[in-house]
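Let's work through a few exercises on a protein model, one step at a time. Keep the picture open while you read.

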Amino acid sequence: MQEKMQVYLDNNATCMVSPGVKDAMMPFFGELYGNPSSMHNFGGQVAKHLVIAREKVAAMFNVDPDEIVFTSCGSESNNHAIRGVLESNKEKKHIVTTKVEHPAVLNVYRFLAKNKGYKITELGVNKQGDLNLDELKTVLSPDTALLSVMAANNETGNIFPIKEIAEIAKEKNVVFHTDAVQAAGKIPLDLKKIPVDLLSLSGHKLHTPKGIGALYIRRGTAITPFIIGGHQENGRRGGTENVPYIIGLGKACEEAVAHMNEEAGHVSKLRDKLEAGLRSVITHTYINGNPLSRLPNTTNIGFEFIEGEAILLHLSKAGIAASSGSACTSGSLEPSHVLMAMGVPFTYAHGSVRFSLSRFTTEAEIDYTIKIVPDVIKNLRELSPFYEE
Amino acid sequence: MWDYTKSVIDHFEHPRNAGKLKDANAVGQVGSLACGDALKLFLKVDPETEKIEKAKFLTFGCASAIASASALTELVVGKTLDEALAVTNEEIAAFLGGLPKQKMHCSVMGKEALEAAIANYRGQSVEEHKEQEVLCKCFWVDEEKVRENIRKHGLKTVEEVTAYTKAGGGCGNCIGDIKRILAEENGSIVEQQVEQKKPKMTNIARMKLVSKVIDEEIAPMLRKDGGDIELVDVDNTDVYVKLRGACARCANAKATLKHIVEAKLRESVDEDIKIIEAE
């Protein structure tokens, strides 16, 4: 019997806090407790650290620090971007997004369509999960107020061509927002070259604790504040700064930039090893997404004739953490909206498992996973009325 | 993560009586791949005594679906068919120390597979749902089943109905009807839904093109998955269709309509096309 390991392959859901981030944060739970807005030295020294953290986040995107607004999470960033832009431009009544966005974008759009009279266009994707940019060009109109397209998909890892999309939006004079919660820190995003107007970021996908995010707002973008209150964040988000977490996010961005090459090399090699290792021994297995344009850390594999929750529970028992687009895991009765939009057949939509790695994933963990998964799949298939060898 | 009892986890990890039963003389199958769970139950019945001597199963589904099937086989072995028919889905759930509310339909599936297997043994045909009676088209649940569950289990909310029957858990189109039935069964008065107007046919050219695209491109695609589609009517850009075969019982009929049928027609005919599932 193989010795049991603990293997965390659900980094697109959340990640471990990096030791460096934790160390950077600790003083701000202790002696560095001042309010950065205060005139005295308690606040002043904290304010200095805040400036540095903001510079580190800005550096990851090659933008100016005053274009970064700290928020409480990725969802707040998305809400701020979408509702703030529409609030400041009430003339236009058409909004465009994709069917495969994270609920933190998609449900905001649908809420606005349902309750605020917006006409919504949700762009579809092809079988590989990619958008049709020609379709995008045709749907943007002079009445379009806002376009949101994610930089990379959380379930499949598909990377969307946000540079081209941003250029199309610019040409059509449409404000463009991208949810980069999954992409940021994993692939280079130089916003001097990519003309997005707004970009959402989440800390805990970058190895900070949960509870911190950021929104990049390109200078000159018309947007109303999301939390009205004090002068913090240049008046764009009231509320005393969440100092320890902001410091943590600054450190996390710095680390992400330092490890970006490693992410593309070490992490994608392990991901490819896992994928190849599983597919070479398990039949009736499909990759959901576009293998040629994916985040380096993500693979979404459909195992035919079995159901995801059952797979996850068996994996969990063996110490392996992953996630699934199966209906049963979510509490809803329908499988993942992303897989449905891609037209993934039911034979493996319910049996789709996402493995997402991080720079902390080791080769031994991947080897262990390659050993464990095939038996789990085999046992469940033997139990399935649909599987015939 | 679901809050499963130790017994659910035990039956999931070590299912009793799993596999095919070669000498089965009664077989019942319910559910489908599209629904996300299915159960095939095999029984060996003694023709003299009508006692269930052996029971085995195959399940496609989540932990509680597997555990419910396992529990069912343990419950019915040794019982006569009539005794087995008296087993309720609550007994299956209770045998496992309870199921999360949202997973009660797993125990209902066990009960239905048992009924199907016994009907199969007795040479009765399993009742086919008539289309008009189907309330939840996503999970193919008829009104009678909803009423039965409301009465039996004292259900009060749409969420509870969904937990027990799955009805209302897909596209949500039948939630209004479920509310009405809940109100009727629970004795309060609600206004009747306004009847939908029957669309009238206009615009021959568009209709012809829609019909052509459905016949030549969409239907062949759906047939590959055992489904089919029927064009019912076209009213300007509103296209009324019915899904057939596997598609009609598909958990994601709405997704199919939206992502496959509507997308294709928008691409090939008119970007304003709206797909409406015909009543």
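Before we count anything: helices here are DSSP runs of H or I with at least four residues, and strands are runs of E with at least two, numbered from the N terminus. Also keep in mind that this is a predicted model.

**Exercise 1. Work out whether chain A is as compact as a globular protein of its length.**

Step 1: Start with the inventory. Chain A has twelve helices and 13 strands.

Step 2: Along the principal axes, the C-alpha atoms of chain A fill a box of roughly 70 × 50 × 35 Å. Of its 389 residues, 54% count as buried. And if you take the contacts in chain A with a separation of 6 or more, 74% of them are between residues 24 or more positions apart.

**Exercise 2. Find the domains of chain A and describe the side of domain 1 that touches domain 2.**

Step 1: Get the bounds. The domain assignment gives domain 1 as 7-16 + 260-382 and domain 2 as 19-255.

Step 2: Look at the spacing and the contacts. The C-alpha centres of the two domains of chain A lie 27 Å apart, while 24 residues of domain 1 are in contact with 25 residues of domain 2.

Step 3: Ask which elements take part. On the domain 1 side, α7 (243-281), β10 (298-303) and α10 (337-341) of chain A each give two or more residues. The largest share, three residues, comes from α10(A).

Step 4: Sort by class. That side of domain 1 has eight nonpolar, 13 polar and three charged residues.

**Exercise 3. Trace the open sheet of four strands in chain A and find what packs on it.**

Step 1: Read the order, which is β9-β10-β13-β12 (chain A), with antiparallel pairing.

Step 2: Spot the edges. β9 (285-287) and β12 (323-324) of chain A each pair on one side only.

Step 3: Zoom in on one pair. Two bridges join β12(A) to β13 (residues 352-356) of chain A, and A:S324 stands opposite A:V353 in β13(A).

Step 4: Find the helix. α7(A) packs on the sheet and touches β9, β10 and β13 of chain A. Its direction makes about 10° with that of β10(A).

Methods: Residues numbered from 1 in each chain as written. Chains lettered and ligands numbered in written order. Predicted model: local features only at pLDDT ≥ 70, side-chain atom pairs only at ≥ 80, totals over all residues. Rg over C-alpha atoms; globule rule 2.2 N^0.38 Å. Buried ≥ 20, exposed ≤ 12 C-beta atoms within 10 Å, placed from the backbone. Contact = placed C-beta atoms within 7 Å. Domains from an automatic or database assignment. Nonpolar A, V, L, I, M, F, W, Y, C, P; charged D, E, K, R; others polar. Pairing = 2+ DSSP bridges. Axes fitted to C-alpha atoms, helices over the stretch in contact; angles between N-to-C directions.
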